[in-house]
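Here are some notes to read alongside the structure. Take them in order, with the model open beside you.

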Amino acid sequence: GDPPDQWEAIRMMRFPRAALPRVHETLDETGLFQSGPDFARPLLPPDLQRPLGVTVAMVVQLRHEGAPLGLVAVGCRGRREPFTAQQ
């Protein structure tokens, strides 16, 4: 339900290691993380998620032969609780 310009802005987002070192360290260690503006220690800056209305997000690192290849991100609007292990 998002307008095309918002989809394009999301698609073009880049997160350099220097800008978000905790994000990259966590992805390298565990392969995923969850974050939300209301989390005690959100990995993503709250002002990045709030304009999109995202209340909780999960980011999973895609790897090929152990090397990072890309990310898959899922965000919810309204939900506050973290994703479960099954989700």
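1. Let's begin with arginine 79, which is buried, with a relative accessible area of 19%; buried means under 20% relative accessible area, exposed over 50%, and partly exposed in between (1.4 Å probe, protein chains only). Arginine 79 forms a salt bridge with glutamate 81, and the closest N and O atoms of the two are 3.7 Å apart. A salt bridge here is a side-chain nitrogen of Lys or Arg within 4 Å of a carboxyl oxygen of Asp or Glu. Glutamate 81 has 47% relative accessibility, so glutamate 81 counts as partly exposed.

2. Before going on, a word on the basis of these notes. This is a predicted model, in which local features need pLDDT of at least 70 and side-chain atom pairs count only at pLDDT 80 or more, while totals for chains, interfaces and linings use all residues. Residues are numbered from 1 along each chain as its sequence is written, and side-chain values use heavy atoms, with hydrogens and water left out.

3. How confident is the predictor? The average pLDDT of the chain is 86, and 99% of the residues score at least 70; pLDDT is the predictor's confidence in each residue, from 0 to 100. Among the elements of the chain, E2 has the highest mean pLDDT (93) and H3 the lowest (77). Helices (H or I, at least four residues) and strands (E, at least two) are DSSP runs, numbered from the N terminus.

4. How many salt bridges does a search of the whole structure find? The search finds 3. One of them joins arginine 80 to aspartate 38, with the closest N and O atoms 3.2 Å apart. Arginine 80 lies in the segment after E3 and aspartate 38 in the loop between strand E1 (32-35) and helix H3 (46-49), so this pair ties together parts that are 42 residues apart in sequence. Aspartate 38 is partly exposed, at a relative accessible area of 49%.

5. Arginine 17 also forms a salt bridge, with aspartate 28, and here the closest N and O atoms are 3.0 Å apart. The pair is 11 residues apart and links distant parts of the chain: arginine 17 is in the loop between helix H1 (4-11) and helix H2 (21-30), and aspartate 28 is in helix H2. Arginine 17 counts as partly exposed at 47% relative accessibility, and aspartate 28 counts as partly exposed at 35%.

6. Now look at the hairpin. Strand E2 (residues 56-64) and strand E3 (residues 67-76) run antiparallel and are joined by 9 bridges; two strands pair if DSSP finds at least two bridges between them. Arginine 63 has proline 68 in E3 as its bridge partner. The hairpin has 2 residues between the strands, and glutamate 65 lies in this loop between E2 and E3. Glutamate 65 has a positive phi of about 55° although it is not a glycine. Most residues other than glycine have a negative phi. At 76% relative accessibility, glutamate 65 counts as exposed.

7. The largest nonpolar core has 7 residues: Leu20, Val23, Leu27, Phe33, Leu43, Leu44 and Val59. Such a core is a set of buried Ala, Val, Leu, Ile, Met, Phe, Trp, Tyr and Cys residues joined through side-chain atoms within 4.5 Å. Not counting residues up to four places away in sequence, leucine 43 touches Arg22, Val23, Thr26, Phe33 and Ser35, where contact means heavy atoms within 4.5 Å.
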